[in-house]
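The sequence and the structure are shown first, and the description follows.

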Amino acid sequence: MNIFNFDEQQIPLDEWIQTFVDWLVANYRDIFQLIKAPVEWSLNGLEWLFATLPPWVVILLFAVAAWRFAGKRVTLFTLLTFLLIGYLGLWEDTMTTLSMVICSVVFCAVAGIPLGIMAGRSDRFEMILRPFLDAMQTTPAFVYLVPVVMLFSIGTVSGILATIVFALPPIIRLTSLGIRQVHPELVEAALAFGATNWQVLRKVQFPLAMPSIMAGLNQTIMMALSMVVIAALIGAGGLGNPVVQGLNTLEIGMATVGGLAIVLLAMVLDRITQGIGKK
């Protein structure tokens, strides 16, 4: 047998994966709908909030956050950005995108920070976790859009779940890095004074790791925003819609305006979260 005859000897991995996903959909759809529920409730609450608040209130809230954490220049930039987005007719799409990003980042933080702390305090746990994080970061987003749609159906919630998978690794990695960078002598001193492991984590490691954790949160926000256009392909809505519509109809103006709004929104969120990290 010629083991190098690749035309006749092939591993049907694609068929195995298809069979496995079909089996999951047929037997565990209720469980996946249960997983979907908290994300759906959170998103609906945020969308209702941003739809209810008048635009000037939203602009004022972001301007105050920019003033408090990032200074006068970022405040002026934030005001001009939101006014420009409103005058471009993209206010509702921007509020949908903000709801998606905030919802994704909250779930990433809730899951990622504890996992990062565990990875920072245990070499074995980090060794087990690392291949999964590598796979999540390097697998093209289009690859796992298909199983996400099959398991959770199309729509904004599926877009958020795909975004969570894509944006989760940075906050885990940087939280772990921050915990590991705390000087061992500080931990030993706390233990020598009778602190428990929980007190060492809460009063020594976590506060000292905070700049690294905030950097991870910043990266998670940026990666969540980068998924806006891809998530729009499965009906997620938001600022990805004009970009996708512009590509489909070859209307370069519509696509550019949508892309410009995403870039400006990313810059505002980046500057504010960087400012929070420095504080």
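## An exposed leucine in a loop

Leu-250 counts as exposed because its relative accessibility is 76%, and exposure begins over 50%. The model is predicted. Leu-250 sits in the loop that lies between helix H11 (240-249) and helix H12 (252-278). Its phi angle is near 55°, which is a positive value in a residue other than glycine.

## Annotated regions

The UniProt record, an unreviewed entry, gives the annotation "transmembrane region" to residues 48-67, 74-91, 97-120, 141-166, 221-240 and 252-269.

| Residues | Helix | Strand | Distance between end C-alpha atoms |
|---|---|---|---|
| Residues 97-120 | 100% helix | 0% strand | 32 Å |
| Residues 141-166 | 88% helix | 0% strand | 7 Å |
| Residues 94-273 | 88% helix | 0% strand | 18 Å |

## Nonpolar cores

The largest nonpolar core has 70 residues, and the members that touch the most others are Phe-82, Leu-98 and Leu-269. Helix H4 (residues 91-121) supplies the largest share of this core, with 12 residues. For Leu-98, once neighbours within four places in sequence are left aside, the contacts are Phe-50, Phe-62, Phe-82, Leu-265 and Leu-269. There is also a second, separate core of 5 residues, among them Val-182, Val-187, Val-200 and Val-204.

## The crossing of H8 and H9

Helix H8 (residues 184-192) and helix H9 (residues 197-226) have axes that come within 10 Å of each other and cross at roughly 150°. The crossing of H8 past H9 is right-handed. On the H8 side, the contact is formed by Leu-186, Val-187, Ala-190 and Leu-191. On the H9 side, Asn-197, Val-200, Val-204, Gln-205 and Leu-208 take part. Sorted by class, this contact between H8 and H9 contains 7 nonpolar and 2 polar residues, with no charged residues.

Key
Residues numbered from 1 in each chain as written. Predicted model: local features only at pLDDT ≥ 70, side-chain atom pairs only at ≥ 80, totals over all residues. Heavy atoms only, no water. Axes fitted to C-alpha atoms, helices over the stretch in contact; angles between N-to-C directions. Helix = DSSP H or I, 4+ residues; strand = E, 2+ residues; numbered from the N terminus. Left-handed = near helix turned anticlockwise from the far one by under 90°. Contact = heavy atoms within 4.5 Å. Nonpolar A, V, L, I, M, F, W, Y, C, P; charged D, E, K, R; others polar. Core = buried A, V, L, I, M, F, W, Y, C linked by side-chain atoms within 4.5 Å. Buried < 20%, exposed > 50% of the residue type's maximum accessible area, 1.4 Å probe, protein only. UniProt positions renumbered as here; feature names shortened; annotations may be inferred.
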